[in-house]
Amino acid sequence: NAAALPVLRMGLLASIATTLTPGLYDFVEHQLRVPELILSAGLATDHQSALNARQTDIAVTSELMLISDDYDTYPILEEPFFLVLPENYEGPEDDIHAISARLSLVRFGALTPVGRRTDQHLQRCRLNLPRAIEADRSSMVVAGVVTGKCFAILTPSLLIDGMAEGMPLRIAALPFSGFKRGIQVVSRKDDLGDIPAQVADKCADILRKHFTMRFPDIADQITYHAGTNLNH
């Protein structure tokens, strides 16, 4: 029962924390009527540890969480990875080898979940791309592309944190086999009633509006799944 909760502790993916916070604050205060909301931003691995240690009640996180019978999982969305190029790049967009001959890959470090996912996919595609910069925040990855010397492989939720309006960037389809990332709400099983499902629906609503506004050309390629529980 939300009315009986004195505080709700929520972990958010760092890349969407700023986007989600105003709407979630309003939702928790006015809809759930929980007096205090404690938010923390981090990676999926941070959320796993915090849930296990009972330091967090709900995590809005990526699909790399270890799913078990101890947790309920509510998918929010699934989003493709895209090629992010400098706006002034004049080479071909449909040949990754031609791109990497002109630009270096700026990427997430291998210690981050999304960095590992990207590395694994590139290995599956047998692509060994020259690298210039590794970072652990999307804003730093995007900054590498803004230099005009690098390209990146990012999803809309990773882009939204790092991309300010007017940045000289171009988003294109990947010129090799694509892959996707899921975002979901995870909570300890049966701890919070229907609150996690409501949070998943709210997150989907907030993100859909922001993606439609910020990335109108690719927003229709994101699939929303709120309203279902993967563990039931």
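Helices (H or I, at least four residues) and strands (E, at least two) are DSSP runs, numbered from the N terminus. The model is a predicted one, in which local features need pLDDT of at least 70 and side-chain atom pairs count only at pLDDT 80 or more, while totals for chains, interfaces and linings use all residues. Residues are numbered from 1 along each chain as its sequence is written, and side-chain values use heavy atoms, with hydrogens and water left out.

Strand β6 (residues 104–108) pairs with strand β7 (residues 131–135) in the parallel sense over 4 bridges, where pairing requires that DSSP finds at least two bridges between the strands. Within this pair, F108 stands opposite A135 in β7. The chain crosses from β6 through helix α4 (residues 113–124) to β7, and this β-α-β crossover is right-handed, a term used if, with the strands pointing away from the viewer, the path from the first strand over the helix to the second runs clockwise.

## The sheet of 5 strands

Strands β6, β7 and β8 belong to an open sheet of 5 strands with the order β7-β6-β8-β5-β9 and mixed pairing. Each of β7 and β9 (169–172) has a single partner strand, so one side of each is left without a neighbour in the sheet. From one strand to the next, the twist averages 25°.

Helix α5 (residues 138–146) lies across β5 (82–86), β6, β7, β8 and β9, and α5 runs at about 145° to β8.

## The sheet of 6 strands

An open sheet of 6 strands, also with mixed pairing, has the order β2-β1-β3-β10-β4-β11. The edge strands here are β2 (36–42) and β11 (223–224), each of which pairs on one side only. In general, strands of a sheet pair through backbone hydrogen bonds, either parallel or antiparallel.

Strands β1 and β2 pair in the parallel sense over 7 bridges, with M10 opposite L39 in β2, and the chain passes from β1 through α1 to β2 in a right-handed β-α-β crossover. Strand β3 (residues 58–62) and strand β10 (residues 180–188), by contrast, run antiparallel and are joined by 5 bridges, and T61 stands opposite Q184 in β10.

## Helices α1 and α7

Helix α7 (residues 195–214) lies across β1 (7–13), β3, β4 (71–80), β10 and β11, and α7 runs at about 10° to β4. The axes of helix α1 (residues 14–32) and α7 come within 10 Å and cross at roughly 130°. The two helices are therefore oblique to each other, given that angles under 35 degrees count as roughly parallel, over 145 as roughly antiparallel, 65 to 115 as roughly perpendicular and the rest as oblique.

The contact is made by residues including I16, L20 and F27 of α1 and V199, I206 and L207 of α7.

## The segment before β1

Residue L5 is placed in the segment before β1, where L5 touches V34, P35, L192 and I195, not counting residues up to four places away in sequence. The C-alpha atoms of L5 and S15, which are 10 residues apart along the chain, are separated by 27 Å.

Key:
Contact = heavy atoms within 4.5 Å. Axes fitted to C-alpha atoms, helices over the stretch in contact; angles between N-to-C directions.
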